[in-house]
Amino acid sequence: MTYVRSRFEHPSATPNSLGYTLRDYEGSLSTLGAGCGHDSISAAIVRACYELSIQPHRVAKLSGIGCSSKTPTYFLGQSHGFNSVHGRMPSVATGANLANRDLLYIGVSGDGDTASIGMGQFAHVVRRSLNMVYIVENNGCYGLTKGQDSATADVGSVSKKGSANQYQPMDLASIALQLGATFVARSFSGDKAQLVPLLKAAMSHQGFAFIDVISPCVTFNNHKGSTKSYDYVRDHLEATGAIDFVPMREEIVTSYLEGSTQEVTLHDGSVVRLQKAGSNHDPRDRSAALAALREAQKDGDILTGLLFLDAEAEETHQFLNTSPRPLNALSETELCPGAAALERINASLR
Amino acid sequence: MKKLEAVNDFVVKFANVNGTGSSSANSLFVKAVFRMGIPVSPRNIFPSNIQGLPTWYEVRVSEKGYLGRRGGGCEIMVAMNPQSMQRDVQEVTAGGYLVYDSTKPLDKKLLRDDIHFLPIPLMEISMREYTDARQRQLFKNVIYIGALAALVDIEFEVLTGLIGDQFKGKEKLIAPNVKALELGYQYAKDHFQCPLGLRLKCCDKVGERILMDGNTACGLGAIYGGATVAAWYPITPSTSVVDAFEKYANRLRVDAGTGAKNFAIMQAEDELAAMGMVIGANWNGARSFTATSGPGVSLMSEFLGLAYFAEIPAVLIDVQRAGPSTGMPTRTQQSDILSAAYASHGDTKHVLLFPATPRECFDMTADAFDLAEQLQTPIIMLTDLELGMNDHLSAPLSWDDKRTYKRGKVLNAEQLDKIEKFGRYLDVDGDGICYRTIPGTHPSKGSFFTRGTSRDTYAIYTEDGDKYVENMDRLVRKFETAKQYVPAPELYKQHDNAQAGVIFFGTSTEAAREALDVLAEEGIVLNALRIRAFPFNKTVDDFIARHEKVFVIEQNRDAQLRTLLMAENDVPPQKMIPVLNYDGMPITAQQILRKIRGHLHPATVTPIRKSV
C-alpha cells in the first residue's frame, strides 16, 4: 500500500494534482476475453499514470502485434499510440525516443512478440538502455491464433490441446538482467498492490525499465497442467518484498522498523522502497537478482517484485550526447548549415 | 610497332592489390587530370574483402566530356598486381602501354609483341629510399604516379599542389610524398621517351564542376534537408552515406557552446530495426532516414508496407548492387526497381527517385524529406554503387537560403483548438492527403492510434469492407497527387523526324547521352527522356505515346523499368524495346549502340566480339 493511494476514497472521481481524474487515463472498451489478465494490467497502467499525475498527452504508447499489443487502445485514450508490426515495437520506440526525449514511452508487448519474433529487437533495446518502460504481458501462449505454446512456456506445461511443452523456456527477466537492463521487475496481473507501485517506479526510472507480468490467458492457458494459469501462479508466488513508491516532491510519512526496508532514490528525486518481509534480496545487486530467479525456478516458484534497479544508470541520449532539446523541436536555422557552408564544401571538392 | 596517339581521350587502368594504399595514390592522378581542366571519370572495381584480392581503378579521360564507362580495354595499364597480371596484360589495346614493377623480371609468357612494356623498378627504388615497411609499400604507389605524370605530361606543379592540399595540417608528410613523385617522374624522364603519344593537355572543359561521390552527396543532402535521426545497418555499397552524414554533422550540427549534437545516429541490429527506427522518429516529428542496399530493402519491406498504410513519412536511400540474394555485393546494378516500387505484401506503391549525378543525389535527398512529409509516405531513392561509391564530375552543390522545409499537413495546438473533431484519415482537401498530428502536441485534442490494421477516417479499427476500400482508394488518389510533387522527367531536345524514343535513368544517363551523339553522327535521330521519379507523370505518358518504338535502357536482366512503365501506363509490350546490361559493370555507350543499331538496321550490323 502506497502513501498516495491511501489518500483517496473514490479515486475515479477525485482529480489528481494536475486536475485529471482516473477516467481521463482510460481508453476504449477492451475486446479481450472476460477475465483476461491483460485488462488488469491496463487498469494498473491507468492507475499508475493517474497517481503519478502524468499529462496523458505526454505519453506515447507503443506495441507490436498480438493480444497484449492490442491493449494500448484500452488505456490512455488521450495519448498517441502506435500499434506497429510483430516483434518490432522496440525499434519504433527507439526512433520515437530519439526524436523526442521528453515524452514517457510505454511499450507493451507479449511473450510471443518479445521472446520469439521480437527477441532480437528486445535484446538490442535493452543493450541501448533506451529510456522507456517495457511491459511484457506474459501468458505463455499465442492467444490470437488459438493457444500455441510460446517461448516462455515452461518445460512440461500442458497446452489446451493437451501436449506438454518440451522446449526450454526463455526467462525474460533473467535475459534483461544479463543484457544490462537498469530496472527489472516481475509481477502478476492479479496482484495490483504490487504492480501499480512497480509501474510507477518504472515510469520514474531513467533508462530501460522492464516488467515481466505473468498474465494468465483465461481462454487458452488457464487449465490444469499449465504453469501460467491463475491457480498455478497464485500457488507458486514468492515475492522479493512489498514495494512502495514515493514520488518526487512528496514527503515520506510512513515509518518502518529499522533494517526492514531498502530505499533507492531515482534521478528525479522519487524514492523506491522495498519492504523486505522475510526476504534478503538487495535490488541493487544484479548477480543476486539472477541467482534469486534461478533459485525460485528450481523450486517451480515465480519470484515477483523489484529484482534490480540501478538509479545511476545512463540512457541512450547520454551515450549519444544529443541536444537537451528534443530533436523534433529544432528549427531550420539550427538544422540547415546554409549556402555559404556549402560553397566551402564545393571548394574542397575541386 | 604501332604507338597509340591521343590527347585527352584514353583510358588508364590501375591494377592493384586490395588494402595496399593504392587508392589515395590513384585518386591523386584523377584529381590532377581534373585540375588540368580535363573531364575525367574514375571507377573503382573492387572485391568484397578487406585485403589481398585484386582491385582495379579505371580512369577515363574525355575532353568531349563523356563520363560513362567506355569499356573496350585500356590504353595504359599500370599493372601492380602479379596475381592479375595475365589478364591485365591482355586488356591493353594494341599499341598501348603497360607500366610494371621490374624489381623482379616479368614472366616471359606474359609478353605481347603488340604493346609497349614500360619497366620501372618501383620496389627497388622504394627500398632504397625508405626504411619503414609500410612507407615502402605506400610510396611505391606514389612513385608510379610520378612516373605516369612524366609519361602523360601532367604538370608537376599540379601534383605538388594536390599533395599540399591533401596534407594540410600534416605538413611533415608533404616532403616525402613530393620526393616519391619526383623519384618516379625522374626515372620515367631518364628511361622513356616522355611524353608518350597518349598525353594530357590543359583545357577548360571542367568549369565550376566538382569531383565527388554520390553517397557523400546523399549524406550532405540529409544534413541540408533537416534530417536529425539516421538509423542504419552497415551494408556495401551504402555505408558511406551515413559515414558522410556523420562526418558533416559533426562539423555542422554540433552546438558550439555545449558540444551537444543536433542529430542522432543509431546503428541498428539489422535493416528491419533500422527502418523501424526511421518510422518511429518520423511518426514523432523528426526527419529521419536510412541507407541500405537490395538485401536491406527486402528486410525493410514489412515496415515499408506499414509506413505506406499507416501513412508515416520515411526516407530510404537504396544504393543498388548486383542481386539477387548476396549477388555481387561490390558490383553495380539498377535491379531493385520493382522490389522498391511495390515493396511489401498487399497493394502497395512507393514513390521512387532516380538521381543521375552527385548534384542530384544532394538535391533529391534534401527534397525527399519534403516529399515524405508532404505525401506522408516512404520515399525511396534509387541510386547505385556506380553513382554512390565513385567520384563523378558534377555540377556544384547549391542551396537557396530562402528555402524553407515543407512539413506538409501537420496540425499544431492552435490549429487543433479550432477543429471540432480531428480525424486522422479524413480527406479534407480531396487530394488524398490527410492531416496528421505529432505526439505531445495538445493536451486533449489530436491524439490517435497509429496502426497497420484497417481503420476508419478517425483511426478507429474497422473490418468494414466499404471503409477499407474507401481508404485504399484514397491512397491511390494520394499517389496521383504525388505526380505533381515528384521531380519531373528531363526531356532532351525533341526532333520531329526521330526514328524512335529512348528512355533511361540514373547511371545509364552518361552512356546513353554518348550513344545518342554517336547515332546522331550516323544520321540516326532519336528523342530521349530521362526518368527522375515514380509515379510517372503525363510527360512520360505523352513521350511513349508519341513514338512508335521506345528503347528502355537499364542495368538489370529483367527490364524492370520497362515492366513498371507497362504496368503503370498501359503500354503495349511490343513497342518497348529493352536495352540491358547486367554484368555488374556500368553500362557503356557501345553496348547501347549495338542494341539500338541492331534493332533499327538489323542487316547492316556485323556481330562484334563481346568487349572486355
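Helices, of at least four residues, and strands, of at least two, are taken here as DSSP runs and numbered from the N terminus. Please keep in mind throughout that this is a predicted model.

**Chain A as a whole**

Begin by selecting chain A, whose secondary structure comes to twelve helices and 13 strands. Its radius of gyration is 21 Å, close to the 20 Å that the globule rule gives for 350 residues, so chain A is as compact as a globular protein of that length. If you orient the chain along its principal axes, the C-alpha trace spans about 75 × 50 × 40 Å. Of the 350 residues in chain A, 55% are buried, and among the contacts with a separation of 6 or more, 71% are between residues 24 or more positions apart.

Then select residues 1-8 of chain A, where pLDDT stays under 50 and for which the model has 13 contacts beyond four places in sequence.

**Where chain A meets chain B**

Now show both chains and select the contact between them, which takes 48 residues from chain A and 56 residues from chain B. On the chain A side, the elements that each supply at least two residues are β2 (80-83), α3 (89-99), α5 (119-128), α11 (332-335) and α12 (339-348). Which of these gives the largest share of the side of chain A that touches chain B? That is α3(A), with eight residues. By class, this side of chain A divides into 21 nonpolar, 22 polar and five charged residues.

Zoom in next on β2(A) together with strand β17 (residues 449-451) of chain B, for these two pair in the parallel sense over three bridges. Within this pairing, A:Phe82 has B:Thr450 of β17(B) as its bridge partner.

From β3(B), move to strand β4 (residues 54-62) of chain B, with which β3(B) pairs in the antiparallel sense over six bridges; here B:Ile45 has B:Trp56 as its bridge partner. Strand β2 (residues 9-17) of chain B is also joined to β4(B), by nine bridges and in an antiparallel run, and B:Asp9 stands opposite B:Ser62 in β4(B). Eight of the nine residues of β4(B) are buried, so this strand is largely enclosed by the rest of the structure.

Finally, select strand β13 (residues 314-320) of chain B, where seven of the seven residues are buried, so that it too is largely enclosed by the rest of the structure. Show its side chains: B:Ala314, B:Leu316, B:Asp318 and B:Gln320 point one way, B:Val315, B:Ile317 and B:Val319 the other way, and all are buried. Strand β12 (residues 288-292) of chain B runs parallel to β13(B) and is joined to it by four bridges, with B:Thr290 opposite B:Leu316.

Notes: Residues are numbered from 1 along each chain as its sequence is written. Chains are lettered from A and ligands numbered from 1 in the order in which they are written. This is a predicted model: local features need pLDDT of at least 70, side-chain atom pairs count only at pLDDT 80 or more; totals for chains, interfaces and linings use all residues. The radius of gyration is taken over C-alpha atoms; the globule rule is 2.2 Å times the number of residues to the power 0.38. A residue is buried if 20 or more other C-beta atoms lie within 10 Å of its own, exposed if 12 or fewer, and partly exposed in between; C-beta atoms are placed from the backbone. Two residues are in contact if their C-beta atoms, placed from the backbone, lie within 7 Å. Ala, Val, Leu, Ile, Met, Phe, Trp, Tyr, Cys and Pro count as nonpolar, Asp, Glu, Lys and Arg as charged, and the others, Gly among them, as polar. Two strands pair if DSSP finds at least two bridges between them. pLDDT is the predictor's confidence in each residue, from 0 to 100.
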